[in-house]
Amino acid sequence: MNIALKLLPLALFVAIAAFLAKGLSLDPTQLPSPLIDKPAPEFTVARLGREPGDPSDGDFISQDMLGQVWVLNVWASWCGPCIAEHPYLVSLAQQRPIPVVGLNYKDEPGDAQQWLARYGDPFAHVLDDRDGDVGLDWGVYGVPETFVIDQSGRVRYKHVGPVDEVGLTQKLIPIIDQLQKETS
Amino acid sequence: MLRAGLVAILLSLMVHVWAAEVTVSFDTPEQSELYHSLLKEYRCLKCQNQNLSDSNASLAGDLRREIRDQILAGNGKRDIDQYLIARYGDFVLYRPPFSAKTAVLWIGPFVLLIVALAGVFVMIRRQRLRASEKSLPVEESDELFRRKLEKAKRLLED
């Protein structure tokens with residue numbers, strides 16, 4: 001029996017261990033979004049607290065955001081992790097002069113307004129997606145989710161789950177800064 | 001004991017009741033069949049080890065509604081596949097399409113099987129070779145046997 005054959009079980013073990021170790025380090029809830037680098041799904045939706053078609057402030061039209069970098073944050077008052085995330089969104093809105101748009105996903109408008117009154121409202125626009133139709137088009141599968149959209153209307157980054165200190169300072173802000181440089 | 005069994009049965013029934021989708025009606029039996037077969041093909045993104053038919057997540061309910069609407073609008077499996085993949089990626093499919101990314105997934109098991117079979121084949125051949133090396137060649141053993149027989153005859157004759 002030659003040495004290669006003797007080492008075969010060890011080699012197999014190492015290979016399987018390597019695969020399993022890789023598997024352990026992956027987070028199965030973090031799915032790559034097929035929207036990255038694709039045009040963001042267009043939508044028109046009522047603002048929170050208004051009925052669709054209410055002329056006083058107008059519906060939010062996603063195409064109006066073209067020409068600037070903006071952030072779409074999907075949140076709900078029933079979402080626990082959203083509370084943990086919220087201070088970082090407030091901080092983001094203070095640190096960078098870009099619109100942070102809040103998509104209130106499958107929520108009761110009254111609950112959502114109370115929630116914002118309690119935790120603060122960093123959003124340039126708060127949108128009412130009570131049936132989750134916009135969320136469906138954006139491939140939302142877990143709240144909160146945060147998208148960064150560039151000047152040309154393409155989705156450039158998606159953060160699944162609550163944004164934390166690391167997510168804000170090492171991902172969102174550097175990406176936003178880089179995108180803002182792209183055209184200017 | 002009996003009570004525990006009953007509770008277990010009731011609990012399992014409840015799970016089934018929860019999991020049951022809202023019964024939906026279609027224009028044709030084919031549409032209904034397509035609907036039910038499709039729900040088993042798609043993964044619920046929220047509870048990833050369940051298909052859309054099993055899952056109680058509200059997202060799964062939305063997707064079931066969307067799929068029903070699309071079937072009623074006359075869309076086929078390909079349209080609905082594309083709709084879901086555009087939003088959630090290949091991960092939504094329990095049977096991902098064959099591509100450079102998924103090649104290892106699809107071919108890997110067969111490659112492993114072939115390697116294993118080849119290994120077994122080589123081992124068996126080696127063992128046979130060794131077994132035949134150990135036993136003496138036929139002529140030689142015949143010679144030995146003949147000599148022993150002659151010796152025995154001589155002993156008997158003496």
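This is a predicted model: local features need pLDDT of at least 70, side-chain atom pairs count only at pLDDT 80 or more; totals for chains, interfaces and linings use all residues.
Residues are numbered from 1 along each chain as its sequence is written, chains are lettered from A and ligands numbered from 1 in the order in which they are written, and side-chain values use heavy atoms, with hydrogens and water left out.

**Pockets and a cavity**

Rolling a probe the size of a water molecule over the atoms shows where empty space is left. Here the search runs on a 1 Å grid over the protein atoms alone: a cavity is a set of points where a 1.4 Å probe fits but cannot get out, a pocket is an open set with protein on both sides within 12 Å along at least five of seven lines, and lining residues have an atom within 4 Å of a point. Points are joined across faces, edges and corners, and a volume is the space filled by probe spheres set on them. In the lining classes, Ala, Val, Leu, Ile, Met, Phe, Trp, Tyr, Cys and Pro count as nonpolar, Asp, Glu, Lys and Arg as charged, and the others, Gly among them, as polar.

| Space | Volume | Lining by class |
|---|---|---|
| Largest pocket | about 980 Å³ | 12 nonpolar, 8 polar, 5 charged |
| Second largest pocket | about 350 Å³ | 10 nonpolar, 1 polar, 1 charged |
| Largest cavity | about 40 Å³ | 5 nonpolar, 2 polar, 2 charged |

The largest pocket has a volume of about 980 Å³. It is lined by 25 residues, and those closest to its centre are Leu26(A), Pro32(A), Phe91(B), Lys101(B) and Thr102(B). Helix H1 (3-25) of chain A and helix H5 (103-134) of chain B each supply at least two lining residues; helices (H or I, at least four residues) and strands (E, at least two) are DSSP runs, numbered from the N terminus. Because domain 1 (2-92) and domain 2 (103-157) of chain B both give residues to the lining, this pocket lies between them. Those domain bounds come from an automatic or database domain assignment.

Now to the second largest pocket, at about 350 Å³. Leu5(A), Leu8(A), Leu12(A), Val115(B) and Gly119(B) are the closest to its centre among 12 lining residues. H1 of chain A and H5 of chain B are the elements giving two or more residues to this lining, and H5(B) has the largest share with 7 residues.

The whole structure holds 1 cavity of 30 Å³ or more. Its lining includes Leu31(A), Pro32(A), Tyr141(A) and Lys158(A) from chain A, as well as Arg87(B) and Tyr88(B).

**Helix contacts in chain B**

Helix H3 (residues 58-72) and helix H4 (residues 77-88) of chain B pack at about 145°, with axes 10 Å apart. Axes are lines fitted to C-alpha atoms, for helices over the stretch in contact, and angles run from 0 to 180 degrees between N-to-C directions. Among the residues that meet are Leu63(B) and Ile67(B) in H3(B), and Ile80(B) and Leu84(B) in H4(B); contact means heavy atoms within 4.5 Å. This contact divides into 8 nonpolar, 1 polar and 2 charged residues.

Helix H2 (residues 29-41) of chain B also meets H3(B): their axes come within 10 Å and cross at roughly 145°. Leu34(B) and Leu38(B) of H2(B) and Ile67(B) and Ile71(B) of H3(B) are among the contact residues, which divide into 7 nonpolar, 1 polar and 2 charged.

**Backbone details in chain A**

A cis peptide bond, with omega about 0°, joins Val143(A) and Pro144(A). Pro144(A) sits in the loop between helix H4 (133-137) and strand E6 (145-149) of chain A. Asp37(A), a residue other than glycine, has a positive phi near 70°, and lies in the loop between H1 and strand E1 (44-45) of chain A.
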